[in-house]
Amino acid sequence: MRAHPAQFELVAPQSLPKVLSLLADEPGSWCPIAGGTDLMVQYSAGNLRTRKLVSIWNLPELRRMDVFEDEVRIGAGCTFTDLRNHATIGSEFKLISLAAQWTGGIANQNRGTIGGNIVNASPAADSLPALLVYEAELILISARGERRVPYSGFHVSYRKTQLAPDELILAICLKREYSGYYAHARKVGARNAQAISKVCLAALGKQRKGVVEEIRLAMGSVAPVPLRLVATEQAITGKTMNEGLMQVARRMAAAEVQPIDDIRSTARYRAAVAGNLVVEFLEQLSASEPSS
Amino acid sequence: MGNARIVGTSVPRFEGRAKVTGEALYVDDMVLPGMLYGATVRSRIPRGKILKIAFSSELDWSEFVIVSPEDIPGKNCIALLEDDQPCLADGAVNHPEEPILLLAHPNRYMLPKAISAVSVQYEPQPGVFTIEESERKTEIIWGTDNIFKSYLIEKGEVDEFWEQADFIVEGEYSTGAQEQLYIENNGMIATFDRQQGLTVWGSLQCPFYVHKALMKLCNLPAERVRVVQMETGGAFGGKEDYPSMIAGHAALLAMKSGKPVKIIYDRVEDMVATTKRHPSRTRHRTAVSKDGRILGGEIEFTIDGGAYKTLSPVVLSRGAIHAGGPYFWPHVRIRAKAVATSAPPQGAFRGFGAPQSLFALERHMDRIARVVGLSPVEIRKLNFLKPGQTTTTGQVVREEIDLEKLLDRGLELSDYYAKKQKFQDGNAENNYKRGMGIATVLHGAGFTGSGERYLASVVAVEVCADGGVRVLVSSTEFGQGTKTVLCQIVAEVLGVRYEDVGIAQADTHEVPNSGPTVASRTVMVVGKLVQSAAIGIKQTLVASGMLVDSYSPGEFRAACRAYVAEHGALRSVARYEQPEDIVWDEEKYRGSAYAAFAWAVYIAEVAVDPTTYNVSVEDFVALQEVGKVLHPVLATGQIVGGVAQAIGFALYEKVVWEKGRMQNGQMTNYIIPTSADLPSIRVYFEELGNEHGAYGAKGIGELPMDGPAPAIINAVEDALGVSFDSIPLLPEEIYDVMHEKLKRDELRSVSGAE
Amino acid sequence: MSRNSEESTKCRVSFVVNESPVTVLVHPMERLLDVLRHELGLTGTKEGCGEGECGSCSVLMDGQLVNSCLVPVLQAEGSAIITIEGLAVDGRLCALQKAFLECGGAQCGICTPGMLLAAQHLLSKKPHPSLDEIREGLSGNLCRCTGYMQIFDAVAQAASGEFPT
């Protein structure tokens, strides 16, 4: 433990308006901390630069799930366990359910929040590709009010987001229009549990008579931000799923990703596996129920 | 005595209750009044001269205790085989993370900042970072030639047989460093007072090693140094020699400050600064007849010892002696050396050189099989040692071990043939590629050659005033069951209840030196001494007339109480004597290297995922002949735990080095298998007995580290048809090799070549 | 930082540990792990890694398994915490503890407190877990000694009701 607790302030105002007011009064001074599964690791390592933290753990306004007729609103303070336990997430947003199971171990799932995962903005985060393919929208809130932004633009560059210094994520909104899609996700790590991903894929697709009607592919750990493979999607859409298309998909995906060599893996491995994951998805898609 | 009532049964773990209630006391659980916390300023460069040390003015250094080499009362070294390793670097550093200065403060939170506030100016010198660089000798970093130790083992006519060879098979194999990753980090508490002297409590395997090192460092006589082992949260060899260093540091701070000092490492420090398994490189060149018999060979075995000698000669010795495995070599030359590099010194880790040389050998056997056109099973059966034959050092195999039969049993238990056939048939179509792999190994228990004689271990068993009995040994418990098994042995000998036997805490003031807790010697060697000492107690009681031939446990207790009341203390001591048939020539490195070998067959089933190149072990059979199983649950636990570590050695645990410093020193980035990664590991035993071991037991703690890694890599070759000769084998490496192979195959088919 | 100013930035945090209410005067960013071990003397909870990977520091917080090395003590305000010291009732071992002893689930013992709490947590959610569910439930607790088999045996045995408390 390499931090000196006496040098840190942590306050827990117990209501969202009070938190927002604090953030507004001193924008950029207070770092929100939810479950702490990322920030406390940095803190313990002596790497947390911020000295003032405001707890948003367990705020009822943030830790809630609302199911509307056309939309599900996931409070940013929901933990991964909350997501795993929620029936609608399990039945309609399988990719988020899967990602929640893969994020750390049970103890970290009980504390890690989806909002924290997004704001921490590690490109290796497991749930972010799922949010990309579900074309999520974020409700951001501050003392100035709320705004709704598409998640697709939220990550500006490596670990930088559109979040203003006085803002929090209030909720993640998902349209309830994915029941007809074939959903698939896969995480590739150094081991079967408790692994930071080397590559991960979240994918949605619709096929009819062996032709790709629609396809969405998003990956983590292959770029500075979670990446939607737009070019690969375009190359595959409307095409027949045969051996030739698999090769095209593999090549395009491997070329579209921008992985690096790092302590966990190599760029060439990540690129190759990215291509393999897309092909694996297409093979499953071609064997799946056609869209009606 | 009749049939064993306690030995051979799974009695409750001696200290188990304390462990499941959280009452067991590990060193960081202990707090002493007025205690300070200590920490270490360490080198940031691999090698160089220390020019200047500066203390930032932003801290009030008067609050700190600071220890530098000038404060060392005795010799600035951590005494082990040699005195070359400084306790604190004095003027020069030879590896990253080398200790330079010590700091202590009453508030442990002050220390990390204080360490950053000390700046050291260096004049860097070139470092040496691989075995090959060390061998080139362009930079001499240790001694005159960078070589800590070398051995030459020769048997037969070592140059004569090459011409008879139908095949000459060559191969080079390497293994990486492996971090022991005991879940409890290294820690020590030291106190010093002028009357009592120095006392240290800590997480350790060998109290008398620490004792000896502290005497020299602190210039204190034996009776004024006391070392006490606390409950130790895993060790695996990683706490064989390193504790002497951290104890030395705590002691120096305690002596300077006059206060108790606790030093506990965090995970990063423990991983980057302490010992690991020696990386190795083995080169085989083997002459083989066309029917698959080994005619002879040359084996070159080299290990990377890091910056100081520490235990490297002993690791080298064991690795060299095991390099020929369980096979008959009519002629062999084994050249072994341990070289210096600019990294923290490597050290003991379960297996201690044997996993390294046996990895190479067992991979090489499969290579030989392929060249000759035989199966991995056939090549081994043809070459297995038989009773009456001699090992590579000329030791005669005296027991009726039938390795062919052991292998057959393993093949049956693992359903080897059926699975291998099924996989061969299915692999072309199936997504996952599956394979089966075998390794057959041996492991010598106890210290090599004359080692046990030099240790001259002593144990005692004594009667307590309440009629109970107590074992006194310096052998330590760190999960493997030392306390349980030694108490079982005494209870069995004396015919009392297991609950009537206790064991003293390993405290150098209280217990005799029964040697270090290493080399799989505790049950076999120390246990046998404890058995003798217990017999001595019984003999004395019978001779004194207080005990008749047949008695109940209650009568035994009464007899003990009566004896003590009349004669005073009753303590029976047993001293190790080298059996006459264990004769070893230390000069020529020939003779009987070990009092007993345990033998094992390991069979792995793997599946390789073609999408991710991940290898998973789907099933694992561990079959071993161990003399006698004294405690089924503990013995099984040792095998399963060892196999799990060996699976990590083979497939997961990579130390990423950058100029001598481990870069992935966190549990997030140094990958050991979780519960979700291991298959069911199926364990089976055979028992041939062992006249040199307690109740016929052989040492088994390290055996399971020797075979699984090559069995797994052999299985991967079976699955993919590609040979991998280096571990850990990560998916990235498999991808690179398969990708290259694919390109070569494509080129060949394009060019029309065959 | 002077000792006085250090003291003045402390605050009172109240919670319940093993069914006993406690109030501690601490810095809000002290780790729950350190408060349990040093302020409350409950040294059964261990530190293995300080980064939420090994699970040795696991405790139950409001019935949920958490890594106490990653919980700032202020966030434990008002919660109910169970540590290893709270598993045995009046010195009587619970079924899991007995099963660990019977099956060899504890070797060196350092992972055992966290492992027992993880197992307790699992059984509270899934009283009759399959082997795969046991594997997953314990996958956040690293053990270096046992290779996990005997831990799984112990959890399965405790679940089967073989050790009534």
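This is a predicted model: local features need pLDDT of at least 70, side-chain atom pairs count only at pLDDT 80 or more; totals for chains, interfaces and linings use all residues.
Let me start with Asp90(B), which lies in the loop between strand S3 (65–67) and strand S4 (92–93) of chain B; helices and strands here are DSSP runs, H or I of at least four residues for helices and E of at least two for strands, numbered from the N terminus. Asp90(B) is exposed, with a relative accessible area of 54%, where exposed means over 50%, buried means under 20%, and partly exposed lies in between, with a 1.4 Å probe and protein chains only. If we leave aside its neighbours within four places in sequence, Asp90(B) is in contact with Pro69(B) and Asn76(B), contact meaning heavy atoms within 4.5 Å. The C-alpha atoms of Asp90(B) and Ile147(B), which are 57 residues apart along the chain, are separated by 22 Å.

Residues are numbered from 1 along each chain as its sequence is written, chains are lettered from A and ligands numbered from 1 in the order in which they are written, and side-chain values use heavy atoms, with hydrogens and water left out.

Staying with chain B, there is an open sheet of 4 strands in the order S16-S23-S24-S27, with mixed pairing; two strands pair if DSSP finds at least two bridges between them. Strand S16 (433–445) and strand S27 (681–686) of chain B stand at the edges, each with a single partner strand, so one side of each has no neighbour in the sheet. Neighbouring strands of this sheet are turned by 15° against each other on average, direction ignored, where axes are lines fitted to C-alpha atoms, for helices over the stretch in contact, and angles run from 0 to 180 degrees between N-to-C directions. Within the sheet, S23 (residues 596–608) and S24 (residues 615–625) of chain B run antiparallel and are joined by 10 bridges, and Ala604(B) has Phe620(B) in S24(B) as its bridge partner. Helix H16 (residues 632–651) of chain B lies across S23, S24 and S27 of chain B, at about 130° to S27(B).

Let us turn to chain A. Which residues of H10(A) are buried? They are Leu245(A), Met246(A), Ala249(A), Ala253(A) and Glu256(A). Seen down the axis of H10(A), these buried residues fall within an arc of 110°, so they line one face of the helix; the arc is that of the directions from the helix axis to the C-beta atoms. The face of H10(A) turned away from the buried side carries the exposed residues Glu243(A), Arg251(A) and Ala255(A). Among the elements covering the buried residues of H10(A) are strand S13 (211–220) and helix H11 (267–286) of chain A.

Finally, chain C. Strand S1 (residues 11–17) and strand S2 (residues 20–26) of chain C run antiparallel, joined by 7 bridges, with Cys11(C) standing opposite Val26(C) in S2(C). S1(C) and S2(C) form a hairpin with 2 residues between them, and Asn18(C) in the turn has a positive phi of about 50°. S1(C) also pairs with strand S5 (residues 80–82) of chain C, in the parallel sense and over 2 bridges, and there Val17(C) stands opposite Ile81(C) in S5(C).
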